[in-house]
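Visitor: I'm new to this one. Could you pick a single part and take me through it up close?

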Amino acid sequence: ANVKFETTLQPDDQLLIIVSSENPEAASSYNLRTYAYNGNTENANAQARDQAYVVDKEGNIEFPILGTIKVGGLTRIETTNKIKNLLKNGHISDPIVNLRLLNFKVSVLGEVVRPGMFSISGERVTLMEALALAGDLTIYGKRNNILLIREKNSTKTYEKIDITKTDFINSSNYYLSQNDVIYVEPNKTRVNSSVVGPNLTI
């Protein structure tokens with residue numbers, strides 16, 4: 001059976017949350033906005049920009065009018081429904097809440113073609129997709145001993161993954177979380193080459 005996976009919100013996550021309604025004036029008070037002014041005159045036009053919410057170390061965000069809301073450990077859908085219900089409770093009868101995670105990124109290091117940090121536009125990414133973003137493993141990468149480093153609730157976990165076995169598709173590590181780090185270990189040929197060169201033959 002396929003693993004059902006949804007990203008949960010963590011401290012330091014950056015969230016774009018936009019509240020809308022059939023009554024735009026009622027909804028506008030619940031949106032964080034900053035204004036950038038163009039020009040130096042009194043009649044300069046101001047451009048409104050939506051501002052991100054940052055989840056604090058306790059897993060909370062400070063929401064306009066509603067105050068402190070606990071979102072840590074909740075999925076995007078659970079958070080959206082929670083804010084909707086709070087808004088319906090005497091504030092807006094027909095709220096529409098759109099939430100997007102702005103800082104979903106993963107890092108792929110070690111024996112891959114293009115190591116680096118990759119921003120993910122969707123809500124989830126698989127280990128294989130992350131490796132593909134990094135150009136796949138080099139010929140020196142160990143496919144049976146990939147290290148996944150994940151931080152959750154301020155605690156780091158370390159998991160070794162063998163992608164040559166199909167059962168890893170059903171594991172909890174198949175889908176990645178925001179800020180995951182994947183390290184592809186070098187094989188013996190690469191390790192030896194650091195001393196004597198990769199093209200040495202007997």
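This is a predicted model: local features need pLDDT of at least 70, side-chain atom pairs count only at pLDDT 80 or more; totals for chains, interfaces and linings use all residues.

Guide: Let's start with Phe168 and Tyr174, which are both buried. Their ring centres sit 5.7 Å apart with the planes at 70°, so this pair is edge-to-face. Tyr174 also pairs with Tyr175, again edge-to-face, at 5.3 Å from centre to centre and 75° between the planes.

Asp180 makes a salt bridge with Arg150, and the closest N and O atoms are 2.8 Å apart. Asp180 is in the loop between strand E13 (175-176) and E14, while Arg150 is in strand E11, so the bridge ties together parts 30 residues apart in sequence. Asp180 is buried, at 0% relative accessible area, and Arg150 counts as buried too, at 13%.

Strand E14 itself (residues 181-186) holds Glu185, and strand E11 (residues 141-152) holds Lys142, so their pairing connects parts 43 residues apart in sequence. This is another salt bridge, with 3.8 Å between the closest N and O atoms. Here Glu185 is partly exposed at 24% relative accessibility, and Lys142 is partly exposed at 26%.

One more to look at: Glu151 and Lys156 meet in a salt bridge at 3.2 Å, N to O. Glu151 is partly exposed at 44%, as is Lys156 at 47%. A search of the whole structure finds three salt bridges.

Terms used
Residues are numbered from 1 along each chain as its sequence is written. Side-chain values use heavy atoms; hydrogens and water are left out. Rings of Phe, Tyr and Trp (its six-membered ring) pair if their centres lie within 6.5 Å; planes under 30 degrees apart count as stacked, over 60 as edge-to-face and the rest as tilted. Buried means under 20% relative accessible area, exposed over 50%, partly exposed in between (1.4 Å probe, protein chains only). A salt bridge is a side-chain nitrogen of Lys or Arg within 4 Å of a carboxyl oxygen of Asp or Glu. Helices (H or I, at least four residues) and strands (E, at least two) are DSSP runs, numbered from the N terminus.
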